[in-house]
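Please keep the sequence and the model in view while reading.

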Amino acid sequence: MEPEIITVGLDGSPESLAAAQWAADEADRRHFVLRLLHAWILLAAEVADTPPDRDQNAGARQIVRQALEVVRERHPHLQIIEDLVGSEAEPALLRAADESRMVVLGSRALGTWESYALGDVSLDVVGRADAPVVLVRGSGRAQPEGSDPVSPTHGPASRIVVGVSLNGPCEPLLAFAFDAAVSQGLPLQVVHGRPLPVHAYAPWGVDPDAAAEVVKEADGELRDVISPWRDRFPDVPTELTLLPENGTRAIVQTAQKAVLLAVGRRRHRPFLAPRVGSVAHAAIHHVTCPLAVVPHD
C-alpha cells in the first residue's frame, strides 16, 4: 500500500517554514510521508557540472533545502520527499492535493486587504483543492527547543474545534476533525451557531421561552449528527457547544484558544458564489490557530 502524503507548499517565507514544521509534526505522528514542494515557473533543466554562480535553480533549491534542515532537526527519521517543480504555484499545489492526505500552507496575520504568504494563490488553493488545506500562521505550532515534536505539550484546556452548519451532510469534515483529535490525543469541541428567529425578540429583549425552544431543537439535531461519530471514536472526549447566534460568530469566538480549527467548504456552490463560504472566510481572517478547510458535498 502506498504511504499517505502530507504536502507543504514552500515559498521561502517564515510562514512557510512554520507550515513545514506543523506538517512535519503531523506526518511524524501519523507515520506519513512529508513532501516539501516549491514551484518555480523558471525552473531550468539540470545540466551537469554547472558552476554554482550560473545555476539559475540555486535559489529555488535553497528554499527546499532550508525547510528540509528545519524539519530534519526535529524529525531525523521522518520520510521526506523534496519536490522542486517547474510550474506556477497554484496548479502545482492543486495537483499535489490530488495525491495528498492534506496540503499545508503558511499564512500571515491578515488585515482587510492583506493576503497569504503565497499571495492570492493560497486562497485559490483553499477554494479549489479536493483535499483539506491547512493554513498555519507564522508563529504556527513551532514548539520550544527541546520539546517532543511527536507529542507536543498541550495545556489542560487544549482542544480541537470543528464548526458544523447542519445544513447538509458533512462527513468528510467530521472525519477529518475526529481523526485529528485521535492523532493529537486531544478532546474535540463541536460548535454550531443557530441564530434566533425574529419572533424570539421582544421589545424588552430576547424572549427566553422562544430562545430555549430554538436551542433545544438545534441541540437535538446536533446530537443526532454527532452520535454515530461518538460511537465510532469512543476514546475521543467530545463536547457539543450550541450558541444562539450565527455560525460565523459562534465559531470565531470558540476557536480563539483552539490547537486546530476545522471548517467545511462545499465543493458545489451556486454559480458566481464565492468558492469559500462566509464561515471559512471569517476564520481565515480572524482565527490565529492553524485552520483546516475541508471540502465536502
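In which helix does Arg 74 lie? Arg 74 lies in helix H2.

## Basis

This is a predicted model, in which local features need pLDDT of at least 70, side-chain atom pairs count only at pLDDT 80 or more, and totals for chains, interfaces and linings use all residues. Residues are numbered from 1 along each chain as its sequence is written, and side-chain values use heavy atoms, with hydrogens and water left out.

## Overview

The protein has eight helices and 12 strands. These are DSSP runs numbered from the N terminus: helices are H or I with at least four residues, strands are E with at least two. Of its 297 residues, 51% count as buried. Buried means under 20% relative accessible area, exposed over 50%, and partly exposed in between, with a 1.4 Å probe and protein chains only.

Contact means heavy atoms within 4.5 Å. Among contacts with a separation of 6 or more, 78% join residues 24 or more positions apart.

## H1 against H2

Two packed helices are described by the angle between their axes and the distance between the axes. Helix H1 spans residues 14-30 and helix H2 spans residues 58-74. Their axes come within 10 Å and cross at roughly 40°. That makes H1 oblique to H2. Axes are lines fitted to C-alpha atoms, for helices over the stretch in contact, and angles run from 0 to 180 degrees between N-to-C directions. Angles under 35 degrees count as roughly parallel, over 145 as roughly antiparallel, 65 to 115 as roughly perpendicular and the rest as oblique.

The crossing of H1 and H2 is right-handed. A right-handed crossing has the near helix turned clockwise from the far one by less than a right angle; anticlockwise is left-handed. H1 contributes Leu 17, Ala 20, Gln 21, Ala 24 and Asp 25, which meet Gln 66, Ala 67, Val 70, Val 71 and Arg 74 of H2. By class, this contact of H1 with H2 has six nonpolar, two polar and two charged residues. Nonpolar covers Ala, Val, Leu, Ile, Met, Phe, Trp, Tyr, Cys and Pro; charged covers Asp, Glu, Lys and Arg; the others, Gly among them, are polar. Arg 74 counts as buried, at 17% relative accessibility. Arg 74 and Gln 21 are 53 residues apart in sequence, yet 8.5 Å apart C-alpha to C-alpha.

## H5 against H6

Helix H5 covers residues 171-184, and helix H6 covers residues 208-232. The axes of H5 and H6 come within 11 Å and cross at roughly 45°. That makes H5 oblique to H6. H5 passes H6 in a right-handed crossing. Glu 171, Leu 174, Ala 175 and Phe 178 of H5 make the contact with Val 225, Ile 226, Trp 229 and Arg 230 of H6. The contact of H5 with H6 has six nonpolar, no polar and two charged residues.

## H7 against H8

Helix H7 (residues 247-254) and helix H8 (residues 278-286) pack at about 35°, with axes 9 Å apart. Their crossing is right-handed. Gly 247, Thr 248, Ile 251 and Val 252 of H7 make the contact with Ser 278, Val 279, Ala 282, Ala 283 and His 286 of H8. Here the residues divide into five nonpolar, four polar and no charged.

Gln 253 also lies in H7. At 46% relative accessibility, Gln 253 counts as partly exposed. Leaving aside neighbours within four places in sequence, Gln 253 is in contact with Leu 243 and Glu 245.

## Nonpolar cores

A nonpolar core is a set of buried Ala, Val, Leu, Ile, Met, Phe, Trp, Tyr and Cys residues joined through side-chain atoms within 4.5 Å. The largest has 51 residues, of which Val 8, Leu 34, Leu 36, Val 104, Val 162 and Leu 188 touch the most other members. H1 supplies the largest share of this core, eight residues. Apart from it lies another core, of 35 residues, including Val 85 and Ala 282.

## Single residues

His 192 sits in strand S7 (residues 188-193). His 192 is buried, with a relative accessible area of 2%. His 31 lies in the loop between H1 and strand S2 and counts as exposed at 70%. Phi of His 31 is near 60°, a positive value in a residue other than glycine. Leu 166 likewise has a positive phi, near 65°.
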